[in-house]
Amino acid sequence: MTDYVFPPAEPASVAIAGSAARFPVRRIFCVGRNYAAHAIEMGGDPEREAPFFFTKPSDAVVDSGVTIPYPALTSDVHHEIELVVAIGKAGFEIAEDETFDHVWGYGVGIDLTRRDLQGEAKKAGRPWDWAKGFDNSAPCAPLHEKVGNDHPRAGRIWLAVNGELRQDADLSDLVWNVAEIVAICSRAVELRAGDLIYTGTPAGVGPVARGDVVTGGIEGFGEIELRLE
Ligand code: MN
């Protein structure tokens, strides 16, 4: 046993649908601009540019159903509903047709973004860390263990604020599908069990305010609910 100077923190974790067990989170990777309509609304190229990644701290995950404080340093927090892929088996340079074997399951997540800080970072050529990787910035609904023999390739993905629909698209609109995202991410790092990949958000992102109730879901993978205070 390693002798630590104080007890190490419990691993961050996500609930699992229909189970008392939890999924221990190792790292969080996120894909930028993976739906053409969202790439356009963010001023990007709707063509199939190579996917790029950013990260969040593992302990940025919070369960569905919680209330989080309005994030610090910002007056423009945006919601981004996303399909989350949960890795269950390590792999480096995974072939696309072998990616399903490395996945544990899927879920519904929200990539909360301090859009004002992101805009400043883009303008100054600085990292996105403070825009993306802050406390409570990765809400995630209970994960669903994979079934069958292929990743989800279609299904409605949506998000509403105070009951008003803001994002409404389909997983079939993903520019880079799940197999491609997992394969490409695994060329940059060795993926390990516990890693989560947020796969990008469809069009319709927008601000959330104190007191808002954010709900969302993905066909077949349940729903998420979040409150800000
Ligand atoms: Mn995102």
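Is glutamate 80 buried or exposed? In this predicted model, whose residues are numbered from 1 along each chain as its sequence is written, local features need pLDDT of at least 70, side-chain atom pairs count only at pLDDT 80 or more, and totals for chains, interfaces and linings use all residues. Side-chain values use heavy atoms, with hydrogens and water left out. Glutamate 80 is buried, with a relative accessible area of 4%, where buried means under 20% relative accessible area, exposed over 50%, and partly exposed in between (1.4 Å probe, protein chains only).

Glutamate 80 also takes part in a metal site, for the manganese ion is coordinated by Glu80 (OE), Glu82 (OE) and Asp111 (OD), at 2.0 to 2.1 Å. Donors are N, O and S atoms within 2.8 Å of the metal (3.2 Å for Na, K and Ca), and since water is not among the atoms, sites may look incomplete. Glutamate 80 lies in the loop between strand E7 (77-79) and strand E8 (81-87), while aspartate 111 lies in the loop between strand E9 (103-110) and strand E10 (113-114), so the pair ties together parts that are 31 residues apart in sequence. Strands (E, at least two residues) are DSSP runs, numbered from the N terminus. Aspartate 111 is buried too, with a relative accessible area of 0%.

The cysteines come next. If a disulfide is a pair of cysteine sulfur atoms within 2.5 Å, the count comes to zero disulfides. Cysteine 30 is in none, and the nearest cysteine sulfur, that of cysteine 185, is 9.8 Å away, which is too far for a bond. Cysteine 30 is buried at 0% relative accessibility, and cysteine 185 is buried with a relative accessible area of 3%.

How values were computed
Helix = DSSP H or I, 4+ residues; strand = E, 2+ residues; numbered from the N terminus.
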